[in-house]
Amino acid sequence: MTRTPLRPLARILDARRRGENPDMIERENLAARHEAMRDKSRGRAQLRLVFLALSFFSAFTIIGARMGMLAATEPVEPRTASAGAEILASRADILDRNGRVLATNMRTHALYAQTRDMVDPPRVARELAAIFPELDEATLLRRFTDGRSFMWVRKVLSPEQVQRVHEIGDPGLLFGPREMRLYPNGTLAAHVLGGASFGAEGVGSAEVIGTAGIEKALDMRLRDPATAGTPLQLSLDLTVQATVEEVLATGITMMNAKGGAAILMDVRTGEVVALAAGPTFDPNDRPSNPTSGDPSDSVLFNRGIQGIYELGSTFKIFAAAQAMELGLVNPETLVAANAPMRYGKFLIKEFENHNYGPMLSVTDIIAKSSNVGTAHIAMMIGAERQQAFLKSLGLFDAAPIELIEAKGAKPLRPERWPEIVTITASYGHGISGSPMNLATAYATIANGGIKVTPTLIKRTTPMQGARVMSEKTALQAVAMLRRVVTEGTASMGEVPGYAVAGKTGTADKVKRGGGYYDDKVINTFASVFPANDPKYVLVVTLDEPVETSGPKPRRTAGWTSVPVAAEIIRRTAPLLGLRPQVEAAPMDGLTAVKN
Amino acid sequence: MRPVLYVLTFFAVMSLGFWAYRENYATQAALRDVSALQDEIAGLRESLSVERAEWAYLNRPARLRELATLNFDRLLLLPMESSQFGTASAIAFPPPPIAADMAPLNLRVNTPVDVQGEIPANPEQTP
C-alpha cells in the first residue's frame, strides 16, 4: 500500500501561488485517509461477524444433528462397561438364614405358535398332544385353524420337552425365553414362600410376580432391578424348618387333626426361625385359590397366620403377669378360686367341673389352669387396664409380619367390653387371635418384658421395643409357666436338658352360625425355652385333634399339642445350638454330630 | 528450510492417519472381544444359577432324610440329640509319648526292618 503524503509539495506550491491556504489540502487529504481507514475496519468487522455467525451456525447444526441421531437410533447396551448379575437376574433369590437357597430363578422356554407359518397344523396338534398330555388335540387344531395368527401353547417347558418340540420340526412353533421361579426344596416353607406366576407376557420375556406369602408381600423389593442382585435373606433356618415340618406333620397324623401350625421365634430379635403349617402344598405347582367353601379346608390356608382362633387358657398368663406388674398380687398371693363361679346369668366352671378352691396361689392358678381364679384376677385389673395391656402385647392387631396373608388376619374381639368379657378374655374366650399373635405376646414376656415385633427377615441386632412390663414380672411369669410343665397341665412337655416353660390352651371351635362345637377343639401350647434364660418361643396349634390311645378320646392340649411341641423342642434345640443344661451322659469318646 | 518443514508436516499427517486407522480397528476388535466375553459371562452365570438350583434341589431336606434312611445300615445317621453335646473337659489329652526303651519290643525300630512281608490270603484270620 502506497502511502499518499498529506501535504504533496506540488499542490502546496500551486496553492501558495494562487494565494490559497495550503492547510486546506492537508485537511482534505486527512479526511480522505480517515474515510479509507473507516471503510477498511468496517469491512473487517463485517467479515468477523459473518465468521462468528458461521461458527455458531455450524456448532448448533452439529449439536442438533447429533441429538437427532441419538433420538433416532436404537439404544444399545454400553459394551465397554462390565455387566453385573443384576441385569441377568430378573427377580432376587430368597435364601435362608445360612444362605441356603429357598427360591431361585431358572431359564426355561415358553412355546408359542405363529399359525401363518405352520406347515401342517393337524400333525402339529397331534404331536403336541402326545408330548403334553394336558393339551387336547382337537382344541389345539381348532385354535390353530380359526384364523388367529398368534397363540401361546405352553408357558414353561423343560429342556427335554423343548427338544421334543424341536423334533416336530414345524416352522410355526417358536420358543420365547422365560425366567421361571423355582423352589428347589419342594413343599418346605411353602406357606412362607407362597408362590409366583407370570404377569405381563411378551415373546421376548415375561415378568415374574409373587402371588402369595413373602413373594407377594415383598414383591417390589424382589423385582426392583437395583436390589435384584442381592438375595433376600430370611430368618428361617432350613434345617430347623424341615424338622419342625416333619414333626408337625407326624403330630397332625397321630393326633387325627385336621391341620396344625408351629411357630418358632427367637425372642431377642423377633426372627421367626421356623413357621410351619399343615397340611401343605408345593409352591412350584401352587393350587389355585378356593372359590367356595371354608377357606381353612384349603391346603393354602396358613393356620399360623390366618387361623384366627380362640386361644383359650394360654391367655391366663397375661392376666397373671399384669396383676403382678400392677402390684395387685405376687406369685404366692392367694386368690379365691371356688368353682363354679356365678356372674350374673353366667356360670364360670373349671375343666370337667373340677373345683380347685376355695383359695389358690397365683402360681397354682396358672399351673392348674383355673378359670375361676383367673376371672378373679381379671376383675381386680378391670376392663380398661386389661384392654390396654392386651393391646400393648399386640393381641388386638394383625401380626406385623412380612406375609401378604397377615394383613387380612386381624384378631377378633368384642365391640363392647363389659365385665363378663373381661372375665372370659382373661382365660382366652370371646377373643380370638392367630398363633403368630400369641407367639409375639409370649416372646415379649420371654424377652424380659420388651415388646417384640415378629419378622421373617434376617436380623442381627436385638429388638429395640417399648417396655411392656418390668423384667422382674417377666421373670416371674416365665417361672410360673415353668411350673405348668413341671407340675401342671403340660407335664408331657418336659424335655430333658431344656427347661421348657409353657401354657396349654384348649378352646372349643366356634360354629359358623354362632355357638360352639362340643367335639371340635383348637389345642394350643405356647412354650418358652430354656426357662432360666429364655431364647426361643414355640407355639404349636392343632386344629380338631383327638388323642385316642385311652379308653375315651382326649381333646385337651396337654394330650395333643404338648407332646408334639416337646418333640419339636427335643429335635430342634440341638440344631439351634442350645446346650442341654443337665450334664450329658458320660461318653466314651467323641460322637459324630451332624447338623 | 520451508520445504523441509512441509515434508515433515506431510509425514506427520500420514503417520497420524495410519495410527488413527490402526487404533480404530483395534478398538473395534476389543469391543467385539468384550461382547463375546460378556456373552460367555452371561452363559456362565446362567449355568452357575442352574448349578446352584440343582445343588439346592439335591440337598433338599426331604431327599437327605430319605438317603439317611436308605443308608442307615452303613452310616447309622440319627437325628441330632442333646446327649451329643460334650464338654471340652470330656476330651482326653493325648497319651504322653513313650520313651524309646520303654516301648514294647515289637514297637522298637532301631534298625531297618523288612516291612514288605506277605499279604495273608484271608485278612480276617490274622490277628
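This is a predicted model: local features need pLDDT of at least 70, side-chain atom pairs count only at pLDDT 80 or more; totals for chains, interfaces and linings use all residues.
Chain A contains 19 helices and 18 strands. Its C-alpha trace extends over about 160 × 75 × 65 Å along the principal axes. The radius of gyration of chain A is 41 Å, whereas a compact globule of 595 residues would have a value near 25 Å. Of these 595 residues, 43% count as buried.

Two packed helix pairs of chain A were examined. In general, such a pair is described by the angle between the helix axes and the distance between those axes. For helix H4 (residues 121-131) and helix H5 (residues 137-145) of chain A, the angle is about 145° and the axes are 9 Å apart. The crossing of H4(A) and H5(A) is right-handed. On the H4(A) side, the contact comprises A:Pro121, A:Pro122, A:Val124, A:Ala125, A:Arg126, A:Leu128 and A:Ala129; these meet A:Glu137, A:Leu140, A:Leu141, A:Phe144 and A:Thr145 of H5(A). By class, nine residues of this contact are nonpolar, one is polar and two are charged.

The second pair consists of helix H11 (residues 316-325) and helix H13 (residues 371-381) of chain A, which pack at an angle of about 45° with their axes 9 Å apart. H11(A) is therefore oblique to H13(A). In this pair the crossing is left-handed. H11(A) contributes A:Lys316, A:Ala319, A:Ala320, A:Gln322 and A:Ala323 to the contact, and H13(A) contributes A:Thr374, A:Ile377, A:Ala378, A:Met380 and A:Ile381. The contact of H11(A) with H13(A) has seven nonpolar residues, two polar residues and one charged residue.

Between the chains, 34 residues of chain A are in contact with 27 residues of chain B. On the side of chain B that touches chain A, helix H1 (2-58) and helix H2 (61-70) of chain B each supply at least two residues. The largest contribution to this side comes from H1(B), with 14 residues. In terms of residue class, the side of chain B that touches chain A is made up of 15 nonpolar, seven polar and five charged residues.

Key
Residues are numbered from 1 along each chain as its sequence is written. Chains are lettered from A and ligands numbered from 1 in the order in which they are written. Axes are lines fitted to C-alpha atoms, for helices over the stretch in contact, and angles run from 0 to 180 degrees between N-to-C directions. Helices (H or I, at least four residues) and strands (E, at least two) are DSSP runs, numbered from the N terminus. A crossing is left-handed if the near helix is turned anticlockwise from the far one by less than a right angle, and right-handed if clockwise. Two residues are in contact if their C-beta atoms, placed from the backbone, lie within 7 Å. Ala, Val, Leu, Ile, Met, Phe, Trp, Tyr, Cys and Pro count as nonpolar, Asp, Glu, Lys and Arg as charged, and the others, Gly among them, as polar. The radius of gyration is taken over C-alpha atoms; the globule rule is 2.2 Å times the number of residues to the power 0.38. A residue is buried if 20 or more other C-beta atoms lie within 10 Å of its own, exposed if 12 or fewer, and partly exposed in between; C-beta atoms are placed from the backbone. Angles under 35 degrees count as roughly parallel, over 145 as roughly antiparallel, 65 to 115 as roughly perpendicular and the rest as oblique.
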